[in-house]
Amino acid sequence: MSSPCPFAIDPMVGDLNGETARLRSLGPITRIDLLGVPAWTVTDHALARQLTTDTRLVKDINAWSLYADGVVTTQWPLIGMVLVDRSMFSVDGAEHRRLRLKTAQALAPRRLEELRPVIEQLTADLLDDLEAAGAGGAAVDLKEVFAYPLPMRVVGDLMGVAREDHAQLLAWYKKFFSVMTPQDERLEVMSGLDVYFTDLVRQKIADPADDLTSAFVTADEGGEPLTEEEAIGNIKALVAAGHETTVSLIINTVRALLAEPEQLAKVLAGDVEWKQVIEESLRWDGPVSHLLMRFATEDIVVGDTVIAKGEGVVMSYRAVGRDTAVHGETADEFDVTRSTANRHLAFGYGPHICPGAALSRLEAAIALPALFARFPQLRLAVPDSEIGNLPVLTQNDLAALPIILN
């Protein structure tokens, strides 16, 4: 597959800030190349809000001409991001609302408050592990020891995933998202995930428990049960998104604060609330770089641009977060006192806004202050310039965050 697109997204994520700036310089909507596949990407806040609520853009891959015509096949490295099971992530309208209902109920504010003490205990346990790993001034990877396991344990417990399976799932997801994984191996990973979550759903059908997977497959006050396929699709996407976004939110926030000691001092002194810090981190360096993909069911005119029927549209949420029309000329700077910090789209917008956004915020709001309260002298173990991203095109995923605790 080839494309005349003027801008190719860097699969190695060598210069994410530079890529974000260059994308924005090309205008509110521009053509991009995604590993050989052409698409449109949106970098403008107002336009992203408009298009994520436009019913002419759908999640159904069958509306994508490149897929329908056989140009894009399962050999495309990003196929697993768009060719997904039937779930709330792949349908629109009334069916989307039906498939999303039980997740929304499980993650309602009252239910989240019930999770708070559980997350606090998990955080305390992992801080103990972190202290042990960093004893004697040893460098320790904050991602591996703290930020990685916390959200996986939270979402795993919520969905009824056994703790002993977490390591295998994390290994699978790492291979799935990395552009360095050979496609045959990625397809094997996708097959392994299918088998695992099919077995889990069938187990919950036979023996329901107090978890969200069981809620998907049983009839209760939340309505009719989902089909097996629908339940599998929902849980696969929720477990993947439910841990990946929060991992990045935690470590990106820590990195940003350590690079700005004056701002960190204001936070630790209580002059700036952690809620504000989290929103600015989401805006400035959010967990999702490029969200794949919506497809046009008819021609859509956007200014001088026409998104033709059958074309794909990507939301480049990191670029959207740097929109100077919303955040001013300092949009490329991290500023915990920014008045527009909460005006971001890091978790999406419209009907398909991330259903786990409130849970991710809650985990960060517990984990971050607890981390700095326990280790107020926390610092990087390497220069910030040595910290890089994993070769993941869609997520803003640091390879590691080496720190020294005191």
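## Structural report

Lys236 is found in helix 11, which spans residues 228-259; helices (H or I, at least four residues) and strands (E, at least two) are DSSP runs, numbered from the N terminus. The model is predicted: local features need pLDDT of at least 70, side-chain atom pairs count only at pLDDT 80 or more, and totals for chains, interfaces and linings use all residues. Residues are numbered from 1 along each chain as its sequence is written, and side-chain values use heavy atoms, with hydrogens and water left out.

With a relative accessible area of 18%, Lys236 is buried (buried means under 20% relative accessible area, exposed over 50%, partly exposed in between, with a 1.4 Å probe and protein chains only). Leaving aside neighbours within four places in sequence, Lys236 is in contact with Asp85, Tyr173, Asp194 and Phe197, where contact means heavy atoms within 4.5 Å. The side chains of Lys236 and Asp85 are joined by a polar contact of 2.7 Å (a pair of N or O atoms within 3.5 Å; within protein, one must be able to donate a hydrogen and the other to accept it, and residues adjacent in sequence count only if both atoms are side-chain atoms).

Phe197 also takes part in an aromatic pair. The whole structure holds eight aromatic pairs. The ring centres of Tyr196 and Phe197 lie 5.1 Å apart with planes at 85°, so this pair is edge-to-face. Rings of Phe, Tyr and Trp (its six-membered ring) pair if their centres lie within 6.5 Å; planes under 30 degrees apart count as stacked, over 60 as edge-to-face and the rest as tilted. Both Tyr196 and Phe197 are buried. One aromatic cluster is formed by Trp64, Trp76 and Phe295.

Charges over rings are listed next; the criterion is NZ of Lys or CZ of Arg within 6 Å of the ring centre and within 35 degrees of the ring normal.

| Charged residue | Ring | Distance to ring centre |
|---|---|---|
| Arg31 | Trp40 | 4.9 Å |
| Lys143 | Tyr148 | 5.4 Å |

Backbone geometry is considered last. Most residues other than glycine have a negative phi, and most peptide bonds are trans. The peptide bond from Leu292 to Met293 is cis, with omega near -15°, and Met293 lies in strand 5 (residues 291-296). Val13, in the segment before helix 1 (16-25), has a positive phi near 50° and is buried at 11% relative accessibility. Leu35 has a positive phi near 50° and lies in the loop between strand 1 (29-34) and strand 2 (37-42); with a relative accessible area of 26%, Leu35 is partly exposed.
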